[in-house]
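Q: Could we go through a structure together, one topic at a time?
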Amino acid sequence: MRAVIQRVSRASVTVEGKEISKINTGLLVLLGIEDLDTQEDINWLAKKIINLRIFNDVDGVMNNSLLQEKGDAIVVSQFTLHAGTKKGNRPSYIKASKPEVAIPLYESFISEIESQLGKKVGTGIFGADMKVDLRNDGPVTICIDTKNKE
């Protein structure tokens, strides 16, 4: 499971001209799922994301987590995070899970984030052509791969 986590001052997801998710201060999480991912990956990644100390404290130092900040989150599925670019110029997405595997894992990840955060999170629509708008705050962007635990 791969995630790109962006600290945002605002973010939204629009599908077919309709805004379906919107947040102010919080995290935009782009999530890539592969067939080897398990509930263990989901639990570890959700805990890691909501506890990342990437929000400024009163002294302007990144010491606070999403939980401490009481911020919001949007989770968007993004199979292109598993793009293979080693050979040629056209990325291969063979490592990315097909919808029948990815959708249940995506939904489980959302549920786990909501459970650990204690509130609903925004989402995209799996497989839809989404327009993601964000204002990256910092900028702060963190990439995590559960297979490397980094």
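Predicted model: local features only at pLDDT ≥ 70, side-chain atom pairs only at ≥ 80, totals over all residues.
Q: What volume does the largest pocket have?
A: Its volume is about 420 Å³. A pocket here is an open set of points on a 1 Å grid over the protein atoms alone, where a 1.4 Å probe fits, with protein on both sides within 12 Å along at least five of seven lines; lining residues have an atom within 4 Å of a point. The volume is the space filled by probe spheres set on the points, which are joined across faces, edges and corners.
Q: Which lining residues are closest to its centre?
A: Of the 22 lining residues, these are Ser77, Gln78, Phe79, Thr80 and Gly127.
Q: And which element gives the largest share of the lining?
A: That is β3, with four residues. Strands are DSSP runs of E with at least two residues, and helices are runs of H or I with at least four, numbered from the N terminus.
Q: New topic: which peptide bond is cis?
A: The bond from Gly138 to Pro139 is cis, with omega near 0°. Pro139 is in strand β8.
Q: Where does Glu16 lie?
A: Glu16 lies in the loop between β1 (2-15) and β2 (18-23). Its phi is positive, about 50°, although Glu16 is not a glycine.
Q: Why does Glu16 count as exposed?
A: Glu16 counts as exposed because its relative accessibility is 82%. Exposed means over 50% relative accessible area, buried under 20%, and partly exposed in between, with a 1.4 Å probe and protein chains only.

Conventions. Residues numbered from 1 in each chain as written. Heavy atoms only, no water.
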